[in-house]
Amino acid sequence: MDQTPPLLVIVDGANVVGSVPDGWWRDRKGAAERLRDRLAAAGVPRVAQRAEIVLVVEGAARHVAAVTGVRVEAAPGSGDDLVVELVARADGRPVVVVTADRELRRRVTALGAEVTGPRSVRD
């Protein structure tokens, strides 16, 4: 049995939800819940077979609950700052951040994380 921890995949919820103009702005919490449920059902097959998935939510989506397979972290302020904090706390564990935000990409890659875009979890 593989003793290495699964890949940590941190999903920038607001960025991924906002990457498709499907009316998400009318119900931000509902849009985040749909993303959470998609992640719980399908995981992130384009990224890893074995992954711990963390969905970072903020603002109106702050009250989205965790489900089996997806831990939800509510940002008390900036979701980007919480993503960076989670990467920094990974303690050398391999991390992939899902976002298209250029500044967030720069911040997390400086800490050693890899980055992939929203399509990796939306398709």
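## Talking through a predicted model

Mentor: Let's start at one serine. Leaving aside neighbours within four places in sequence, Ser-120 is in contact with Arg-46, Val-47 and Val-98. Keep in mind that this is a predicted model.

Trainee: Is Ser-120 buried or exposed?

Mentor: Look at the relative accessible area, which is 7% for Ser-120. A residue counts as buried when that value is under 20%. Ser-120 therefore counts as buried.

Trainee: The backbone oxygen of which residue lies 2.7 Å from a polar atom of the side chain of Ser-120?

Mentor: Begin by finding Ser-120 in helix α5. A polar atom of the Ser-120 side chain lies 2.7 Å from a backbone oxygen, and that oxygen belongs to Gly-117.

Trainee: Let's move to α2. How many Å does helix α2 reach from its first C-alpha to its last?

Mentor: This helix covers residues 28–42, which makes 15 residues. At 1.5 Å a residue, the expected span is 21 Å, and the model comes close to that. The reach from first C-alpha to last is 21 Å.

Trainee: Which elements do the buried residues of α2 pack against?

Mentor: First, pick out the buried residues of α2: Gly-30, Ala-31, Ala-32, Leu-35, Arg-36 and Leu-39. In an α-helix there are 3.6 residues a turn, so residues three or four places apart point the same way. Then follow the buried residues of α2 to their partners, which are β1, α1, β2, β3 and α5.

Trainee: Which residue just after α2 takes a positive phi?

Mentor: Step just past the end of α2 and check the backbone there. The phi is about 65°, and the residue is Gly-43.

Trainee: Which helix supplies the largest share of the lining of the largest pocket?

Mentor: The largest pocket has a volume of about 170 Å³, and its lining divides into seven nonpolar, three polar and two charged residues. Both α1 and α2 supply at least two lining residues each. The largest share, three residues, comes from α1.

Trainee: Which residue caps the N-terminal end of α3?

Mentor: Helix α3 spans residues 79–88, and its buried residues include Leu-82, Val-83 and Leu-86. Those buried residues are covered by elements including β4 and α4. At the N-terminal end, a side-chain oxygen lies 3.2 Å from the backbone nitrogen of Asp-80, and the residue that provides this cap is Ser-78.

Note on methods. Residues are numbered from 1 along each chain as its sequence is written. This is a predicted model: local features need pLDDT of at least 70, side-chain atom pairs count only at pLDDT 80 or more; totals for chains, interfaces and linings use all residues. Side-chain values use heavy atoms; hydrogens and water are left out. Helices (H or I, at least four residues) and strands (E, at least two) are DSSP runs, numbered from the N terminus. The expected span of a helix is 1.5 Å times one less than its number of residues. Buried means under 20% relative accessible area, exposed over 50%, partly exposed in between (1.4 Å probe, protein chains only). Contact means heavy atoms within 4.5 Å. A polar contact is a pair of N or O atoms within 3.5 Å; within protein, one must be able to donate a hydrogen and the other to accept it, and residues adjacent in sequence count only if both atoms are side-chain atoms. On a 1 Å grid over the protein atoms alone, a cavity is a set of points where a 1.4 Å probe fits but cannot get out, and a pocket is an open set with protein on both sides within 12 Å along at least five of seven lines; lining residues have an atom within 4 Å of a point. Grid points are joined across faces, edges and corners, and a volume is the space filled by probe spheres set on the points. Ala, Val, Leu, Ile, Met, Phe, Trp, Tyr, Cys and Pro count as nonpolar, Asp, Glu, Lys and Arg as charged, and the others, Gly among them, as polar.
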